[in-house]
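Subject: Structure handover

Hi,

Here is the structure we talked about. My notes follow below it.

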Amino acid sequence: MAVIPDERKALRELKLQIEKLKVLEEEDKVALEFQKFVEIPGFRKGKVPISLIKQKYKEDIKNEAIKSAIRQKIDELRSEYEIVSDVGIKDIHEADNSYEVLIEFEVIPKIELPDFTNIQVDRKIYKVSDLDVAEYIENLRKKFSEEVKVEEDREIQDDDIIIAKMEDYDKDGNLVSSEDVYIEYKKDEIDERLYRALANKKVNDIAEVKFDDGSRQVFKIQEIKVRKLPELNDEFAQINGYMDLEEMKQKIREMLEKEAKVRGEFEYETQIIDKIYEAYPFQPPSKFVINAYENIVKNMEVPKFNRKEEEKAFQEQVLSLAYKSVIRELILREVIKQKSIEVSDEEVIEYLKQRGEENPEEYIKRSKQRGQYESIIESVKMKKAFDYIKNLVRTKVIVE
Amino acid sequence: MDLRDVIIRPIITEKALRYRDNYKIYVFEVHMDANKSLVKEAVEKLFDVKVEKVRTCIMKPKPRSNIRNRRRTGYTKTWKKAYVKLKEGYSIKALEGV
């Protein structure tokens, strides 16, 4: 991994000097705040003398006063350093006339842009073949398939569906768990040991899989089913919302072509961003990455995980996606800044039309009312910045 | 009785502080068996001041209730309170900061 210089890191540390006099001033303010809610027997609420409060809550007031003084100092620094995160206090050291405070915060790192004309990328154009369309339709047929029980004495064959009661035993032979499982009997899709254990078995047979650590799984086969696919005809097309089979094939092809285009474009853009980042790597603020991560998770259906490792792998995958999206955004923002990219109303309308808005003027009006117009402008600027980069990089087109 | 046992604690309440600030009267909880002269002697010795006048009163017990079930669970203790007025120019330093 490339070493990132300090100015290209988001995390910064800073030593602050807070004068004790300032803390004393703050102590008076804090004590006044304490007075509002402190309850001491013998005094009505809000009537406890400040001197008594200061005496009784000496340490609390002092700590709060230091924090308050630090907060004020940080507020002054916020605009100077363009702080984008919360500020953490790492250390407080008491000197003679002041407190030395070590704080930690994140800023937008320095982003250097390479000469885009030196960047070379491959642009893959994915073609949709008849085979792709046929495969898609086959999957659709599987989705609408019917599961039919086979005769009791028939042995398991490839592509069968097995419903079995699975019992998990540990190495000492104790039953750990027991549950009904649904197995699609395909050599490439299930564990090889299980595939071999289930071979030639019939209903009510028992298959056993032994593991190296001494534990084992026992499968009591309850049902064997086959998948009966629906006929591929006009009726099937109509069930799926098409007029006839021909139209279905045509529409599916169009959809796959659209998907392939999006995929190709995404890969192309990712490659460009990766190359720019490789040239001048930087560390994005973790707060941005966390926000992006949360946004991705919010907009997707998170699967249920049986094992902790699966969940961890999923989180890492999404986190890497979030990291890349932040890098992309920061690079594009830098291009917008350096090249002073502005957008006209016509460009916004064109962008919305491309996005599929039927009435862009009305959409703009509504978004202005909701206060979302700025984010649309930002998106158009980003797109324009990317188009600017795409025009400069050297692209090699590869048709797949 | 040892003089150090006479004064149990200073009373610090709104009213007591008002007495202190306006009339130079300090309020203490004192030993039930302590009389005015004993209180005077104790305050003078302990705080190095001159006492002009002492007034005492016995605080009657108040019903005490259990906070949890709000049932009466007895009474608070009986105690003696002393109002000690100091002579002009004297003050109890230990109680000034409050």
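The expected span of a helix is 1.5 Å times one less than its number of residues. Helices (H or I, at least four residues) and strands (E, at least two) are DSSP runs, numbered from the N terminus. This is a predicted model: local features need pLDDT of at least 70, side-chain atom pairs count only at pLDDT 80 or more, and totals for chains, interfaces and linings use all residues. Residues are numbered from 1 along each chain as written, chains are lettered from A and ligands numbered from 1 in written order, and side-chain values use heavy atoms, without hydrogens or water.

Helix α1 of chain A
Helix α1 covers residues 20-37 of chain A, 18 residues. From first C-alpha to last it reaches 26 Å, close to the expected 26 Å. Its buried residues (under 20% relative accessible area, 1.4 Å probe, protein chains only) include V23(A), V30(A) and F34(A). Their cover includes β1 (11-19), α2 (50-56), α3 (58-81) and β3 (98-106) of chain A.

I377(A)
I377(A) sits in helix α12 (residues 373-392) of chain A. I377(A) counts as buried because its relative accessibility is 12%. Leaving out residues up to four places away in sequence, I377(A) touches (heavy atoms within 4.5 Å) V343(A) and V348(A). E347(A) is 30 residues from I377(A) in sequence, and 9.4 Å away C-alpha to C-alpha.

R20(B)
R20(B) belongs to helix α2 (residues 14-23) of chain B. R20(B) is also buried, at 11% relative accessibility. Residues touching R20(B), beyond four places in sequence, include Y26(B) and E96(B).

Best wishes

How values were computed:
Buried < 20%, exposed > 50% of the residue type's maximum accessible area, 1.4 Å probe, protein only.
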